Every structure is written in structure tokens, then in C-alpha cells.
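Subject: The structure we talked about

Hi there,

Here is the structure for you to open alongside this note. Have a look around it, and then read on for what turned up.

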Amino acid sequence: MTALAQRITETPMAPYIGLMRGMTRQDIDIVVTFLNEVKKDAEESKPKSNEEIIREKYKNLRISPRVKALVDGLSLSKEEVDDERTKYMLGI
């Protein structure tokens, strides 16, 4: 058994070690399939970063022509325009 597999004693599954050792190959396959599905669901539901939340929130944002004219009239450096914080504040 690998060192990583032996760390099962540190997890909430520890009380089931004896039960798992007495399982048939078919039962083990069923449990492994279940664990793989749970793992996949956990990866898909990982929390979003702040950047992802902001991008999602503003991806369908429509900027009025008046605001666009104000933004176009600003004198910003390329670095300032490319900065995520500037984009967030200006809604671009």
C-alpha cells in the first residue's frame, strides 16, 4: 500500500477500514466508482475566484454611449487600461 493510501486512517473513512478489507472485488469497484464521481462533483463545484465572479457579473454589461464617451476621453496609459482594477471601476 502506498504512503498516500495509508493516510486513510487520518480521514473520516478510518472507521470503515475493516469493512473495506472484507469487501469483494465487485463491491470495491462500486465504492471506487462512487468516490470518483464524488471527487468529480467536488472539482466542478470549487469556489470561483474574485476575478471569475467579476468577469461573469460584467460580461453582459451594456455601457451607455454617454459613459463610453467619458471613458474614451480619459488619458490612461496602456498599463492602466490593462489593469483589472481599472477595468472593474470603469466597467470595461
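A word on terms before the tour: a residue is called buried under 20% relative accessible area, exposed over 50%, and partly exposed in between, using a 1.4 Å probe and protein chains only. This is a predicted model, in which local features need pLDDT of at least 70 and side-chain atom pairs count only at pLDDT 80 or more, while totals for chains, interfaces and linings use all residues. Residues are numbered from 1 along each chain as its sequence is written, and side-chain values use heavy atoms, with hydrogens and water left out.

Salt bridges

Side chains of opposite charge can pair when their charged atoms come close. A salt bridge here is a side-chain nitrogen of Lys or Arg within 4 Å of a carboxyl oxygen of Asp or Glu. How many salt bridges does that rule give? The count comes to six.

One of them joins R7 to E10, with the closest N and O atoms 3.2 Å apart. R7 sits in the loop between α1 (3-6) and α2 (17-21); helices in this note are DSSP runs (H or I, at least four residues), numbered from the N terminus. R7 is partly exposed at 47% relative accessibility, whereas E10 counts as exposed at 58%.

Another salt bridge pairs E84 with R55, at 3.5 Å from N to O. E84 belongs to helix α7 and R55 to helix α4 (residues 50-58), so this pair ties together parts that are 29 residues apart in sequence. Both ends are partly exposed: E84 has 36% relative accessibility and R55 has 45%. Together with E51, these two residues are linked in a network of salt bridges. For a sense of the layout, the C-alpha atoms of R7 and E51 are separated by 35 Å, and the two residues are 44 apart along the chain.

D82 and K78 form a salt bridge too, with 2.9 Å between the closest N and O atoms. These residues are four apart in helix α6 (residues 78-82), which means that about one helical turn separates them. D82 is partly exposed, with a relative accessible area of 41%, while K78 is exposed at 60%.

Surface patches

Next come the patches, which are made of residues with over 30% relative accessible area and no salt bridge; like charges are joined within 9 Å, and nonpolar side chains (Val, Leu, Ile, Met, Phe, Trp, Tyr) within 5 Å. For charge, Lys and Arg count as positive and Asp and Glu as negative, with His and the chain ends not counted. The place of a charge is taken as NZ of Lys, CZ of Arg, CG of Asp or CD of Glu.

Which residues gather in a patch of negative charge on the surface? They are E37, D41, E43 and E44. Among them, D41 lies in helix α3 (residues 25-44) and is partly exposed, with a relative accessible area of 46%.

There is a nonpolar patch on the surface as well, formed by L61, I63, V67, L74, L76, V81 and I92, with about 520 Å² of accessible area together. Accessible areas come from the Shrake-Rupley method with a 1.4 Å probe, and for residues only the protein chains shown count as cover. V67 has its place in helix α5 (residues 65-72) and is partly exposed at 36%. V81 lies in helix α6 and is partly exposed as well, at 34% relative accessibility. Eleven residues separate V81 and I92 along the chain, and their C-alpha atoms are 9.2 Å apart.

Contact means heavy atoms within 4.5 Å. Not counting residues up to four places away in sequence, V81 touches L76 and K87. T86 is found in helix α7 (residues 84-90). Is T86 buried or exposed? At 13% relative accessibility, T86 counts as buried. Leaving aside neighbours within four places in sequence, T86 is in contact with L76 and E80.

How values were computed
Helix = DSSP H or I, 4+ residues; strand = E, 2+ residues; numbered from the N terminus.
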